[in-house]
Number of protein chains: 2
Amino acid sequence: MRLERLATEMLIRAGVSPRHAETVARSLVHADLRAIHSHGMARLAVYLKRVEQGLIDLDQEPSIHKQAGATAIVNGKNHLGAVVGEAALQTALELAEQYGIGVVGVAASNHFGACSYYAEQAVEKGYILILMSNAPKSMAPTGGVRPFFGSNPIAAGIPTGVEPPFLLDMATAVAARGKIALAAQKGEAIPQGWAIDERGRDTTDPVQALRGALLPIAGAKGYGLSMLVDILCGLLTGAGYGPDVHSLYENDFFPQNVGHLFLTLRIENFMPLALFQQQMDTYIRQIKAEPKMEGQDEILIPGEKEWRTAAERRTNGIPLPDEIALELETICAKYQLTLEEARIQ
Amino acid sequence: MRLERLATEMLIRAGVSPRHAETVARSLVHADLRAIHSHGMARLAVYLKRVEQGLIDLDQEPSIHKQAGATAIVNGKNHLGAVVGEAALQTALELAEQYGIGVVGVAASNHFGACSYYAEQAVEKGYILILMSNAPKSMAPTGGVRPFFGSNPIAAGIPTGVEPPFLLDMATAVAARGKIALAAQKGEAIPQGWAIDERGRDTTDPVQALRGALLPIAGAKGYGLSMLVDILCGLLTGAGYGPDVHSLYENDFFPQNVGHLFLTLRIENFMPLALFQQQMDTYIRQIKAEPKMEGQDEILIPGEKEWRTAAERRTNGIPLPDEIALELETICAKYQLTLEEARIQ
């Protein structure tokens, strides 16, 4: 794909090795294919900026720091997040191959793109992946008002036969901080339930919300889930946690020190993979055949909408949002590359 | 504790072996201590009824049906859920001792009480437990109107030093079906966001809600989580899943065939346990010291409120809700036991 080649080339010109550049580019284009533009090429500019500022270390490879039984810790050595994530996924898959399950905690990582990128890979190999990551602070604990936890995502991928795979990829915050920043720029109100102001009151004013904190999903349940992810990804692995996970954007000084947890399950330890896939297909068809709400044509399974979008975009190309295309043109100019070719894959 | 002895005695008189009767009683009293009365002695009557009806098998022990590497499947043999859960927990802890992680899928189980019962045990032994269970249908998939998934809980326990442990125990439905049934009895409205009617419209009428379906937490995210739990606990283990998990109550014919997944982590594989506990204490104090919302005295961590209630009730006894006390009196009469002694522990 041309967009992938373009991103790879940009990363190479910034000093990233060809193999790692390809990994990062694949993870970004994966998100844009699924129309999750917030985790696609929109992140490339800040990745490149951090590489140029020396806030990403390109000269050391992520390595296994501790391995015993079915568990390991991967030290990301502050490499690009997708490079670290890829190494962790491969380690987790190897452990699962041997023990039926693999758990890999990851420290010293960076923003690693969409979780579904890793889930999709595991699924293609016939494994189940459960994946979590912590993130820079944006949410307060329930009862608090100041950002402490990140919007710490939880994701899972489960293989199917011919039906689209189960690909769940969800933040534990109701809405992304970026959406609120965008509303503030446009002077628009945000929906109730997204955020609180600095005194802890519900607010629909994005400016107040940015001074306050994001709300977790489902009240105290989301706070609990976010804290769980933070402990497993950060405290347990030696990565940053709580407010010590540093920002990708407003931070010219510190490595992010993001932590992740990769948990891979080998289905064959439980039942033959082919039988599992067949049962998943039947199960999904059964769900989709359930009676629908008024005005609802069909029931989708998690990740199905994005799966279809990706299939369509693989054929017809990715219509990049204008502001991302503009940003890429700036990078192109800097590295003497042309965007034209890449726009239509 | 007297209530525990009473419940044990009741179960023994119904034919349960003393050891298993103690396990079930402990799990029920655990919930009542924490004021989670929905999962405490309130369940004893239906457990006993199902034992008497022959819908629970007391003559076979749960057994390990498949073990390879760090994974196992426990066949519950349709014993009481807490008996099955206890066996699965011990298996998962042994696997984690050996491999750093243990994953035990459980089939042919029954309602196994509050997840926090198992999480608390793991925590006392210095292990992290992540636990899920599927449950009889009550929620529709997003876009659907008919119950298909259960309110499938997700729970986690994480050890601390001197601070209360992290004990998260959450349903993936907004509210329990029992609360809606209670509102219907009393002729009261239910809050918006709990349920939909049979055409998929939001409803505050509990009668309409009971004909419709419960809503998952956080919209499609809760639907995704509930489906994930169902696949891991049911489809992967050989237990029932989707509408094939049978009801505890309105079902005089079928074993429930509930499925669970126990995932235990050995902290020492990642860092010394004492250091982990100390860092957890510091982390919790840091969260509790965050600035509070107006009118909020303190920030609680998941499970802290229930932890305090349990400590207080261990000293002062459990004030059982009247309807539960009445139910116990009926059972007492049947088995020629007296409740009096047990009321104040």
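Between chain B and chain A there are 24 residue pairs in polar contact, with both residues at pLDDT 80 or more; a polar contact is a pair of N or O atoms within 3.5 Å, where within protein one must be able to donate a hydrogen and the other to accept it, and residues adjacent in sequence count only if both atoms are side-chain atoms. On chain B, the most residues on the side touching chain A, 10, come from helix 8, residues 220–235 (helices are DSSP runs of H or I, at least four residues, numbered from the N terminus).

A word on the source: this is a predicted model, in which local features need pLDDT of at least 70 and side-chain atom pairs pLDDT 80 or more, while totals for chains, interfaces and linings use all residues. Residues are numbered from 1 along each chain as written, chains are lettered from A in the order written, and side-chain values use heavy atoms, without hydrogens and water.

Four salt bridges cross the interface of chain B and chain A, a salt bridge being a side-chain nitrogen of Lys or Arg within 4 Å of a carboxyl oxygen of Asp or Glu. In one of them, A:Glu294 pairs with B:Arg199, with the closest N and O atoms 2.3 Å apart.

Key: Helices (H or I, at least four residues) and strands (E, at least two) are DSSP runs, numbered from the N terminus.
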